[in-house]
Amino acid sequence: SSTTIACGTGGCLVGTSANAHATTLGSTNSTSSTTVQSGSGALAVTSTNGTLTINSGTGALGVSTDASATTVAIATGGAVKGLTLGSTNSTSSSTLQSGSGALAVTSTNGTLTINSGTGALSVSSDASATTVNLGTGAAAKTVTIGSTNTTSGVLIQSGTGDVNITSTDSIALGAAGIIDINSSGGVIRIGNDAVAQAISIGTGAAARTVTIGNTTGASALAL
């Protein structure tokens with residue numbers, strides 16, 4: 001049978017006395033269910049300096065899963081807070097997504113770290129036409145791409161579009177090994193714009209051998 005506690009226009013208080021006591025609502029037996037609800041008034045669940053735990057066993061746990069336009073705030077109060085989303089256990093996965101609105105991940109003056117362990121880390125790896133910006137904000141920024149550790153490699157590539165490297169200051173290419181510049185289908189040009197600037201090759205203060213041209217077949221050299 002059911003039990004009804006009607007409060008009318010007054011409040012209903014359960015376990016609110018000044019004594020230390022435990023209050024339990026609902027049953028874990030069989031298919032028992034419990035509903036805590038409110039109308040247009042607020043529904044507040046508060047734990048003062050104690051742990052607040054919400055678990056669902058093997059069932060889904062949903063927060064704001066209805067079709068209403070809602071703002072969901074987690075750990076946004078005006079105090080120092082640590083926020084952990086997701087689990088590192090076994091094959092656990094986490095998805096952070098948005099619709100046509102922006103998805104912003106911001107760290108205010110702290111380090112923002114994204115790691116994937118031994119898995120691949122992809123940025124804009126889908127089939128959509130996208131502009132990808134790294135370090136383009138209006139401030140002095142240092143951008144580092146790639147690692148010098150052991151056999152680490154870096155590949156910069158494009159399709160039929162150009163690869164442009166531009167600096168308002170110097171561009172330096174340095175390697176402990178060979179530097180190769182090749183073109184499989186076009187002319188290799190150095191200093192071919194209309195700017196009057198000197199071109200220096202092999203002018204460093206060390207013993208150098210400078211070779212221009214080759215003797216293969218009908219190769220020619222124009223000076």
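## Basis of the model

This is a predicted model, in which local features need pLDDT of at least 70, side-chain atom pairs count only at pLDDT 80 or more, and totals for chains, interfaces and linings use all residues. Residues are numbered from 1 along each chain as its sequence is written, and side-chain values use heavy atoms, with hydrogens and water left out.

## Overall form

The protein chain has zero helices and zero strands (DSSP runs, H or I of at least four residues for helices and E of at least two for strands, numbered from the N terminus). Its radius of gyration is 33 Å, well over the 17 Å that the globule rule gives for 223 residues, so the chain is more spread out than a compact globule. The radius is taken over C-alpha atoms, and the rule is 2.2 Å times the number of residues to the power 0.38. Along the principal axes, the C-alpha trace spans about 105 × 35 × 35 Å.

Of the 223 residues, 0% count as buried (buried is under 20% relative accessible area, exposed over 50%, partly exposed in between, with a 1.4 Å probe and protein chains only). Among contacts with a separation of 6 or more, 0% come from residues 24 or more positions apart; contact means heavy atoms within 4.5 Å.

## Disulfide

The structure holds one disulfide, defined as a pair of cysteine sulfur atoms within 2.5 Å. This disulfide joins C7 to C12, with an S to S distance of 0.9 Å. The torsion about the S-S bond of C7 and C12 is about 45 degrees, so the disulfide is right-handed. C7 is partly exposed at 28% relative accessible area, and C12 is partly exposed at 44%.

## Backbone and local surroundings

Most residues other than glycine have a negative phi. S30, which is not a glycine, has a positive phi of about 50 degrees and is exposed at 65% relative accessibility. S124 likewise has a positive phi, near 55 degrees, and is partly exposed with a relative accessible area of 36%.

H21 is partly exposed at 38% relative accessibility. Leaving aside neighbours within four places in sequence, H21 is in contact with G15 and T16. The C-alpha atoms of H21 and V210, 189 residues apart along the chain, are separated by 89 Å.
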